[in-house]
Amino acid sequence: QVTLVESGGGLVQSGGSLRLSCAASDSAVSTGIMGWFRQAPEKEREFVATVDWSGTSTTYADSVKGRFTISRDNAKNTVYLQMNSLKPDDSAVYYCAADRTNYDITYYLNPENYSYWGQGTQVTVSS
């Protein structure tokens, strides 16, 4: 069983930046997909970004394109989410997700296609 642990959340003013990290307990996910989702109160969990095993193929939700950057360091079994120009609408619990598979990256826009999830980290953006 792979454990994912997120860190880096917090309270930031609108326009500010945060960097989330997610460390995996097992190197097996270093050859699989890793991604980020978020869930605001009374809303469904939504896709934010995902990155393939090599770190060269990424995809983003339209709402975060140009502001967020996903990256990974397989030597550390860690995925990152750099969030810039944050808006109050970005406030949510952010979840890291991973899977050992490597299908077309669009397959991973669906949260059901991930096997492993972190506990989440709260991001709050004040106006």
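Predicted model: local features only at pLDDT ≥ 70, side-chain atom pairs only at ≥ 80, totals over all residues.
**Exercise 1. The overall fold**

Task: State how many helices and strands the protein has, and decide whether its radius of gyration agrees with that of a compact globule.

Solution: 
- Step 1. Count the elements. The protein has 11 strands and zero helices.
- Step 2. Read them in order. From the N terminus on, the run is β-β-β-β-β-β-β-β-β-β-β.
- Step 3. For 127 residues, a compact globule would have a radius of gyration near 14 Å.
- Step 4. Compare. The protein has 13 Å, so the value agrees.
- Step 5. The C-alpha trace spans about 40 × 25 × 25 Å along its principal axes.

**Exercise 2. Buried or exposed?**

Task: Classify Leu81 and Glu112 by relative accessible area, and place each in the chain.

Solution: 
- Step 1. Recall the cut-offs. Buried means under 20%, and exposed means over 50%.
- Step 2. Take Leu81. This residue lies in strand β8, residues 78-83. Its relative accessibility is 0%, so Leu81 counts as buried.
- Step 3. Take Glu112. This residue sits in the loop between β9 and β10. Its relative accessible area is 69%, so Glu112 is exposed.
- Step 4. Turn to the whole protein. Of its 127 residues, 45% count as buried.
- Step 5. Check two separations. For Glu112 and Thr58, 54 residues apart along the chain, the C-alpha separation is 18 Å.

**Exercise 3. Two rings against Phe37**

Task: Name the geometry of the Phe37–Tyr114 pair and of the Phe37–Trp117 pair.

Solution: 
- Step 1. Recall the rule. Ring centres must lie within 6.5 Å; planes under 30 degrees apart count as stacked, over 60 as edge-to-face and the rest as tilted.
- Step 2. In one of them, Phe37 and Tyr114 are 5.2 Å apart, centre to centre, with 85° between the planes, and the pair is edge-to-face.
- Step 3. Locate these partners. Phe37 is in strand β4 (residues 33-39), and Tyr114 is in the loop between β9 (92-99) and β10 (116-117). They are 77 residues apart, so the pair links distant parts of the chain.
- Step 4. Check burial. Phe37 is buried at 0%, and Tyr114 is buried at 6%.
- Step 5. Do the second pair. The ring centres of Phe37 and Trp117 are 5.2 Å apart and the planes meet at 55°, so this pair is tilted.
- Step 6. Locate Trp117. It lies in strand β10, 80 residues from Phe37. At 26% relative accessibility, Trp117 counts as partly exposed.
- Step 7. Widen the view. Phe37, Phe47, Tyr103, Tyr107, Tyr108, Tyr114 and Trp117 form one aromatic cluster.

**Exercise 4. Charges over rings**

Task: Find the ring under the charged end of Arg19 and the ring under that of Arg45.

Solution: 
- Step 1. Arg19 has its charged end over the ring of Tyr80, 4.0 Å from the centre.
- Step 2. Arg45 has its charged end over the ring of Trp117, 4.8 Å from the centre.

**Exercise 5. The largest pocket**

Task: Give the volume of the largest pocket and sort its lining by class.

Solution: 
- Step 1. Volume: about 150 Å³.
- Step 2. Lining: Arg38, Gln39, Ala40, Lys43, Glu44, Glu46, Asp89, Ser91 and Ala92.
- Step 3. Classes: two nonpolar, two polar and five charged residues.

Key
Residues numbered from 1 in each chain as written. Heavy atoms only, no water. Phe/Tyr/Trp six-rings, centres within 6.5 Å; stacked < 30°, edge-to-face > 60°. Helix = DSSP H or I, 4+ residues; strand = E, 2+ residues; numbered from the N terminus. Buried < 20%, exposed > 50% of the residue type's maximum accessible area, 1.4 Å probe, protein only. Lys NZ or Arg CZ within 6 Å of the ring centre and 35° of its normal. 1 Å grid on protein atoms, 1.4 Å probe; cavity = no way out; pocket = protein on both sides within 12 Å on 5 of 7 lines; lining within 4 Å. Points joined across faces, edges and corners; volume = space filled by probe spheres on them. Nonpolar A, V, L, I, M, F, W, Y, C, P; charged D, E, K, R; others polar. Rg over C-alpha atoms; globule rule 2.2 N^0.38 Å.
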